[in-house]
Amino acid sequence: MVAADRISIGMTVGTQPPLGRIGLATRLARVAGFDVAWTIDHFQGFFPQAIWDEEFSFLAGPGSSPHAYFDYQALMGHLATRVGKMQVAVGVTEPIRRHPVLLAQTAMTIAHLSKRAPILGIGAGEAENITPYGLDFSRPVSQLAEALEIIRLCFASQGPFDYAGEFYRLSGALMDLRPPAGRTPELWIAAHGPRMLRLAGRFGDGWYPTLPYTPNEYAAALATVREAAAGAGRDPMAIVPGWQAVAVFGKTEDAARRLLESPPMRLSALLAPDYVWRRHGAAHPLGDGFRGFIDIIPQQLDRPALEAAMAAVPVDLVAETALWGTPDAIYSEVRGLVDAGLRHLVIQPISAMVSKRDALFSMRSVIRMQRRLKRDGV
């Protein structure tokens, strides 16, 4: 397990073609000393094809698609023998597209391929990966709660076991595959709302949120996770508090603020829930009750609607949805979260989508930051 007494750093190495780019990112993470190589699990991405062109991002070459994703399970198996002493992880999957027994079996299989326990990151899911494929997304948190119980049964049981729930019914089920000693997969839960935070405390080895937090907000959410763990008879301090943070790196504060007005950042702000918009006195362009990335289905949005919505994004709202500024300024913000309890950080440098120059500066900044955090003994 990632050490709980110091911060560890993960890197998202990618789940989209070409495979060579993923391999390059993995080698870079390994050489640079990152602790975890993260994949993601999507059928499609958050960036709509309707605006996927070179005006939006230099990455959008002619004929390319933002929705081409490898299967995370096969990719994790491929990476497991290439990550060295890093952990390999998915951040995150859900139990609607894949049965929880299958998720447990995959994680335990990868434990045999890798040198360290893999991380099975799991959440309640997102509409884009579920609704277009004819699957039910009406009660995802209730379904996740049952799935977490089943996954824990798979990790711990030997011989037949039963489970009688509303979403899953198992009778004499078997999952006798055991991981190697010391490599039982870790279960990390993406949680934000109160009910999900309590599930993270009851079942998680790690907590892996993705929304922006102030230090006070992060500390309060972590307290909910730990209270739930204690109530379930678990060690609350054994749960690793993580965070996947969107970041915008600029050489100067003015340069970073200009990047906040770029198309990728404006679209990213559309993925913020409606309550974030209300804090800025604005109505969400995608409607009241919109829950952000949980609800968006990209192909349902046409270019005129997207351009109008992106133009309506207040720049101060964009600034609230990401870490932004110079590398020193972002480092100071991260230290505030560390003081609030953060112990595993993954930085997603969305500024890397704007230009090749910004991509290079962003990646150098992420690498330097992880080295600085470790050098400072954080």
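**Charges and patches on a predicted model**

Arg-375 is exposed, its relative accessible area being 61%, where exposed means over 50%, buried under 20% and partly exposed in between (1.4 Å probe, protein chains only). This is a predicted model, in which local features need pLDDT of at least 70 and side-chain atom pairs count only at pLDDT 80 or more, while totals for chains, interfaces and linings use all residues. Residues are numbered from 1 along each chain as its sequence is written, and side-chain values use heavy atoms, with hydrogens and water left out.

Arg-375 has a partner in Asp-376, with which a salt bridge is formed at 4.0 Å between the closest N and O atoms; the term stands for a side-chain nitrogen of Lys or Arg within 4 Å of a carboxyl oxygen of Asp or Glu. Asp-376 itself is partly exposed, at 37% relative accessibility.

The structure holds 19 salt bridges. One of them joins the side chains of Arg-139 and Glu-166, N to O at 2.4 Å, and this pair links distant parts of the chain, with Arg-139 in the loop between S4 and H4 and Glu-166, 27 residues apart from it, in the loop between strand S5 (161-164) and strand S6 (169-173). Helices (H or I, at least four residues) and strands (E, at least two) are DSSP runs numbered from the N terminus. Arg-139 is partly exposed at 37%, whereas Glu-166 counts as exposed at 55%.

Another salt bridge holds Arg-279 and Glu-320, whose closest N and O atoms are 2.1 Å apart. Here too distant parts of the chain are linked, since Arg-279 belongs to helix H9 (residues 274-279) and Glu-320 to helix H11 (residues 315-320), 41 residues apart. A network of salt bridges links Asp-41, Asp-71, Glu-94, Arg-97 and Arg-98.

Leu-135 lies in the loop between strand S4 (119-122) and helix H4 (140-156), and is partly exposed, with a relative accessible area of 33%. Together with Phe-43 and Tyr-133, Leu-135 forms a nonpolar patch on the surface, with about 250 Å² of accessible area in total.

Leaving aside residues up to four places away in sequence, Pro-349 touches Ala-247, Phe-249, Ser-362, Met-363 and Val-366, contact meaning heavy atoms within 4.5 Å. The C-alpha atoms of Pro-349 and Ala-359, ten residues apart along the chain, are separated by 8.1 Å.

Definitions and conventions:
Patches are made of residues with over 30% relative accessible area and no salt bridge: like charges are joined within 9 Å, nonpolar side chains (Val, Leu, Ile, Met, Phe, Trp, Tyr) within 5 Å. Accessible areas come from the Shrake-Rupley method with a 1.4 Å probe; for residues, only the protein chains shown count as cover.
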